Amino acid sequence: ETDPAKIKLGTAEAPGTRVRVLGRVHHLRSQKDVIFVTLKDGYGHMQCVFTGRLIKTYAAMTLTLETSLAIHGELRSLPPKAHAPLDRELHADFFSVVGTAVGDKEAITNKVQEGGDPQTLLDNRHLVLRGDNASSVMKVRAAVTRAFRQTYVETRLTEVTPPAMVQTQVEGGATLFEFNYYGEKAYLTQSSQLYLETCLASMGDVFCICPSFRAEKSLTRRHLSEYTHIEAELDFIVFDDLLDHLENVICRVIDITLADPVIASYVKELNPDFTPPARPFRRMKYADAIEWLKENDIPNEEGQPHAFGDDIAEAAERRMTDILDVPIFLTHFPVEIKAFYMKKDDSDKRVTESVDVLMPGVGEIVGGSMRMDDYEELMAAYKREGIDPAPYYWYTDQRRYGTSPHGGYGLGLERFLAWMCGRFTVRECALYPRFAYRCTP
Ligand code: 4AD
Ligand code: MG
């Protein structure tokens with residue numbers, strides 16, 4: 001007899017068909033005359049029923065979770081049940097063990113379940129990824145990444161791949177990862193923004209989806225040392241265009257992602273309360289946020305009432321966002337607390353044309369601004385920040401060869417996912433999270 005056709009789980013073969021499935025044991029339930037094996041293969045799950053002589057075999061009696069199996073059998077439809085997502089099961093008439101799995105059931109179950117000891121979970125990330133929640137987050141991540149690309153293609157942005165190894169800082173010297181580059185000092189990039197700006201003149205609006213690196217020594221829910229940075233740069237725009245673009249992109253990405261029913265079901269399981277945000281997003285100036293924080297008795301980092309010029313720290317920012325409970329465009333931050341390249345607001349030179357997008361549960365997921373497009377102003381900004389302009393000659397040159405009003409932003413993919421999937425920390429949204437003191441596995 002030839003082998004029946006091999007199918008991936010979750011494909012719609014008709015009941016009555018004989019098939020061959022390959023996967024790993026996800027759940028195992030043994031009764032006196034029957035063993036129920038839930039098989040998973042990364043595409044779906046299927047309940048496989050072993051009876052008769054099959055369960056008398058040594059292999060069946062010693063099955064463990066994660067054992068990989070080949071199972072032949074006939075698909076039978078199941079009576080619809082409210083809480084059973086599967087509408088068919090496989091009645092096995094043959095199986096063979098492809099790869100055994102060591103360890104007892106309890107050990108691996110504990111490792112792959114949420115709510116376990118955080119260090120154990122992190123050390124066993126490779127096994128945690130075998131669990132339902134972790135793998136669902138990764139599939140949503142893939143869908144969201146795809147949706148960003150699609151959205152940018154729809155709006156005619158060109159994708160580029162800037163270098164990860166650089167000799168200039170973008171977001172301050174404190175978080176630079178430095179390394180030896182053939183005897184010269186170099187860094188892992190904090191942001192590809194400056195490189196994106198150099199593309200505008202000949203490539204039009206551009207974007208990239210690349211890792212960025214930050215030596216963030218403090219352990220927080222939303223800081224990684226390596227994260228996926230989705231950055232875009234837009235030419236010949238004004239500040240309001242940037243805000244409109246951001247709102248369009250975020251809403252379009254959510255629409256595309258949720259249009260896939262399988263992905264939508266993962267989001268629903270991970271974050272039952274998720275609803276696409278209402279438009280338009282709330283727009284709030286930094287100065288008004290400071291007033292709001294004062295009125296609501298939310299102190300600054302020193303425990304004092306907030307005052308104009310203060311950084312709005314993570315805790316205060318998140319409390320404000322959680323209370324308001326809607327996406328917020330927080331705009332017009334003071335010059336002193338923002339990066340050197342940000343353009344000043346013509347009507348109030350104390351502040352910049354800058355925006356952070358804040359989401360409930362996470363806080364800042366996007367940082368963006370209009371860029372200083374005037375040569376003299378940029379030179380003064382380097383000086384103010386104590387930056388040696390020499391290594392930035394290629395960036396500065398953009399202001400010498402046909403400058404233009406332009407702006408852009410960076411979005412942290414893991415933060416976006418933490419918001420969409422209702423995860424407590426961005427660490428759950430990276431395949432193998434890198435943060436202070438953790439580089440394994
Ligand atoms: O606000 P940031 O530092 O802005 C920039 O890097 C700009 N140069 C981007 C640009 O305009 N092209 O970072 C942008 C976003 C943040 O809003 C946050 O979502 C994410 O990057 N981010 C981090 N995500 C995880 N871990 C970290 N350590 C992060 N630092 C920034
Ligand atoms: Mg920022």
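Mentor: A residue counts as buried when its relative accessible area is under 20%, and as exposed over 50%, with partly exposed in between. By that cut-off, Arg-222 and Glu-314 are both buried. The model is predicted, and in it these two side chains form a salt bridge whose closest N and O atoms are 3.7 Å apart. The pair links distant parts of the chain, 92 residues apart: Arg-222 sits in the loop between β11 (206-213) and β12 (226-235), while Glu-314 belongs to helix α11 (residues 314-324).

A second pair is Glu-154 with Arg-252, joined by a salt bridge at 2.8 Å, N to O. Glu-154 is in helix α5 (residues 132-154) and Arg-252 in helix α8 (residues 239-259), so this contact ties together parts that are 98 residues apart in sequence. Glu-154 has 40% relative accessibility and therefore counts as partly exposed. Arg-252, with a relative accessible area of 33%, is partly exposed.

In the pair Glu-428 and Arg-423, the side chains meet in a salt bridge of 3.3 Å, N to O. Here Glu-428 is partly exposed, because its relative accessibility is 23%, whereas Arg-423 is buried, with a relative accessible area of 11%.

There is also a network: salt bridges link Asp-240, Asp-244, Glu-247, Arg-279 and Arg-283. In total, the structure holds 27 salt bridges; among them are the Arg-222 to Glu-314 bridge and the Glu-154 to Arg-252 bridge.

Note on methods: Residues are numbered from 1 along each chain as its sequence is written. Chains are lettered from A and ligands numbered from 1 in the order in which they are written. This is a predicted model: local features need pLDDT of at least 70, side-chain atom pairs count only at pLDDT 80 or more; totals for chains, interfaces and linings use all residues. Side-chain values use heavy atoms; hydrogens and water are left out. A salt bridge is a side-chain nitrogen of Lys or Arg within 4 Å of a carboxyl oxygen of Asp or Glu. Helices (H or I, at least four residues) and strands (E, at least two) are DSSP runs, numbered from the N terminus. Buried means under 20% relative accessible area, exposed over 50%, partly exposed in between (1.4 Å probe, protein chains only).
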